[in-house]
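Please look at the structure first, then read the points below.

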Amino acid sequence: MKTDNNPWYWIPLLNFASGFPYVIIISVSVLMYKNLGISNEDIGLYTSLLYLPWVIKPLWSPFIDLHGTKRKWFLAMQLFISIAFLLVGFIIPTTQFFMMSLAIFWVAAFASASNDVASDGFYLLALTKDQQSFFLGIRSTFYRASMLTGNGLIILLAGYLEHLYGDNQKAWSYTMIFVGLVMTFLTIYNYFATPKAELPIKAGETEEKNFATVFASFFKKKQIRLILAFILLFRLGESQLLKMLTPFLVDKTDVGGMGLATEDVGLIYGTFGLIALTIGGILGGIAISKQGLGKWMLPMILIMHLPIIGFVLLAHFHPASVYYIYVVVILEQFGYGFGFAAFMMYLIYVAEGESKTSHYAIATGFMALGMMLPGMLSGYIQEYLGYGNFFIWVFLATIPGIILSRFLVFPKDFGKKTEEAINQ
């Protein structure tokens, strides 16, 4: 697809709009429910179930792939998500807020997963392979930046409102209404900024493909069993870390937590954490584009997982100074930004060939399954082990993915910029 639109104008906020609803539904909801009196066990179980739409999105991704344009799909889904967040804001002050908000989050999660499918497909269609490898770091950085906006600035706002009103329900109600307005702005921006030259699937092409052939062709790829095992296990540790990290930071010290206030968590992730993530993501994309995925796969995975040791140390020694927490978060965010680029580049390789939009959705669906199932158990594991031993377990859970990565076969220079592209 050719377009006059400079990718720098639309890639950052399109991917921000993909990650922002995800972080609100999956991550920010954890702290919201924690501050509204919900237990760790219920938080781990029910918020992990919200992953399910991302797990099963391959079931309807061929429909998105074969009908209409990716642009129409992601704009419609983003508008739907905006309305859903506004509704959650109005429901929080009610007595049945927990189940009602979960139900709305559930529906919004389906829309968000569909938005991901369309946005990913648009990215794969709109850019050349050389551009894809170059912008991978930018893409993943802004996706992750949306995560830190949720876990940083949005939480900082909620903490400020909690102190201002002395009423957590009112504070989170206003916060979610604000989130809905931010999503509305992103939808409007993407309407004007994204290229409009995408062509819908031609009738002849639609007839040649159907759901069964698109879905089945994914499982005919070489090394498919090893690929699926790697995708499912790569984030085994991270899936549990993400669910229990916020409760760890805000829980009182007498139960093993760090005793931070809500706005402290938002400040840590919204400042130095965001800077570290941005630098790491950009450097990760540049590294792959210069030397290829083969050179950086193992180093990036190690750099991504090793900072978990920092949380092990925090949980065991409970340093009085908040600056130790800053150091650990900076290392973790830089490592994530730098290292996750390798995993996402590998998923692009897995999706290569016909129906790349659907195949990428299937791959990320299995990735979501690998996040959902361990996340559902994370609250129970944490309660049983305590925070100190829990983080040791999380670190050990990263080892299977590291081992499996050594057996993957792919072109060592995959993602590397060609000389022709460099000279353009």
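Two rings of Phe, Tyr or Trp count as a pair if their centres lie within 6.5 Å. The model is predicted. A search of the whole structure finds 34 aromatic pairs.

**A pair between distant parts of the chain**
- Tyr22 and Tyr51 make a tilted aromatic pair, with 6.2 Å centre to centre and 50° between the planes.
- This pair links distant parts of the chain, as the two residues are 29 residues apart.
- Tyr22 belongs to helix H1 (residues 7-35), while Tyr51 is in the loop between helix H2 (40-49) and helix H3 (52-56).
- Tyr22 and Tyr51 are both buried.

- Tyr346 counts as buried because its relative accessibility is 0%, and buried means under 20%.
- Tyr349 has a relative accessible area of 24%, so this residue is partly exposed.

**The aromatic cluster**
- Tyr346 and Tyr349 belong to one aromatic cluster that also holds Phe230, Phe234, Tyr336, Phe340, Phe343, Phe410 and Phe414.

**Charges over rings**
- Phe410, one of the cluster residues, has the charged end of Lys412 over its ring, 4.9 Å from the centre.
- Tyr191 has Arg71 over its face, at 5.3 Å from the ring centre.

Methods:
Residues numbered from 1 in each chain as written. Predicted model: local features only at pLDDT ≥ 70, side-chain atom pairs only at ≥ 80, totals over all residues. Heavy atoms only, no water. Phe/Tyr/Trp six-rings, centres within 6.5 Å; stacked < 30°, edge-to-face > 60°. Helix = DSSP H or I, 4+ residues; strand = E, 2+ residues; numbered from the N terminus. Buried < 20%, exposed > 50% of the residue type's maximum accessible area, 1.4 Å probe, protein only. Lys NZ or Arg CZ within 6 Å of the ring centre and 35° of its normal.
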